[in-house]
Amino acid sequence: MKKLLLLTALLSAPSLADEYCQAVYKQASIVMQLRQADVPMFEVVETMKTGYEPTDNATLYMITQAYNVSSHKWYKQREAAVRKFANEIYYQCMKGRK
């Protein structure tokens, strides 16, 4: 019985990591959209505190990384920056969850 429970837990673990990392991807997209809209960094930090008391270190790291990227003038460039950033954060999440 214990082996069956362990096997079930191991098989469900990747989906839990996927769900978590998908949520992180969405959060990274929002952070970068705000960055590309030239929202001041302190406002993004305050926005991320809503519902999360206090803002965790991973979110603060994500915000600081987003603000290391230049904002772009053109819509297509902004969208590309959002996708690239969110994909990089997702990759880091999946890599760290292994």
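**Helix packing and a disulfide in a predicted model**

Good morning. I begin with two helices: the axes of helix α3 (residues 57-66) and α4 come within 11 Å and cross at roughly 145°. Here the axes are lines fitted to C-alpha atoms, for helices over the stretch in contact, with angles running from 0 to 180 degrees between N-to-C directions. The helices themselves are DSSP runs (H or I, at least four residues), numbered from the N terminus.

The contact, meaning heavy atoms within 4.5 Å, is made by Tyr 61, Met 62, Gln 65 and Ala 66 of α3 with Phe 85, Ile 89 and Gln 92 of α4. By class, this contact has 5 nonpolar, 2 polar and no charged residues. In this scheme Ala, Val, Leu, Ile, Met, Phe, Trp, Tyr, Cys and Pro count as nonpolar, Asp, Glu, Lys and Arg as charged, and the others, Gly among them, as polar.

A word on the source. This is a predicted model, in which local features need pLDDT of at least 70 and side-chain atom pairs count only at pLDDT 80 or more, while totals for chains, interfaces and linings use all residues. Residues are numbered from 1 along each chain as its sequence is written, and side-chain values use heavy atoms, with hydrogens and water left out.

I turn to the disulfide. The structure holds 1 disulfide (a pair of cysteine sulfur atoms within 2.5 Å). Which parts of the chain does the pair link? Cys 21 lies in helix α1 (residues 2-36) and Cys 93 in helix α4, 72 residues apart. Their sulfur atoms are 2.1 Å apart, and the link is left-handed, with -80° about the S-S bond. Cys 21 counts as buried because its relative accessibility is 0%; buried means under 20% relative accessible area, exposed over 50%, and partly exposed in between (1.4 Å probe, protein chains only). Cys 93 is also buried, at 10%.

Helix α4 (residues 75-97) also contains Asn 87, which is partly exposed at 42% relative accessibility. The C-alpha atoms of Asn 87 and Lys 26 are separated by 9.8 Å, although these residues are 61 apart along the chain.

Next comes helix α2 (residues 41-49), whose buried residues are Val 44, Val 45 and Met 48. Seen down the axis of α2, they fall within an arc of 100°, so they line one face of the helix. The arc is that of the directions from the helix axis to the C-beta atoms.

Finally, Asp 38 lies in the loop between α1 and α2. Its phi is near 60°, a positive value in a residue other than glycine. Asp 38 is partly exposed, with a relative accessible area of 46%. Thank you.
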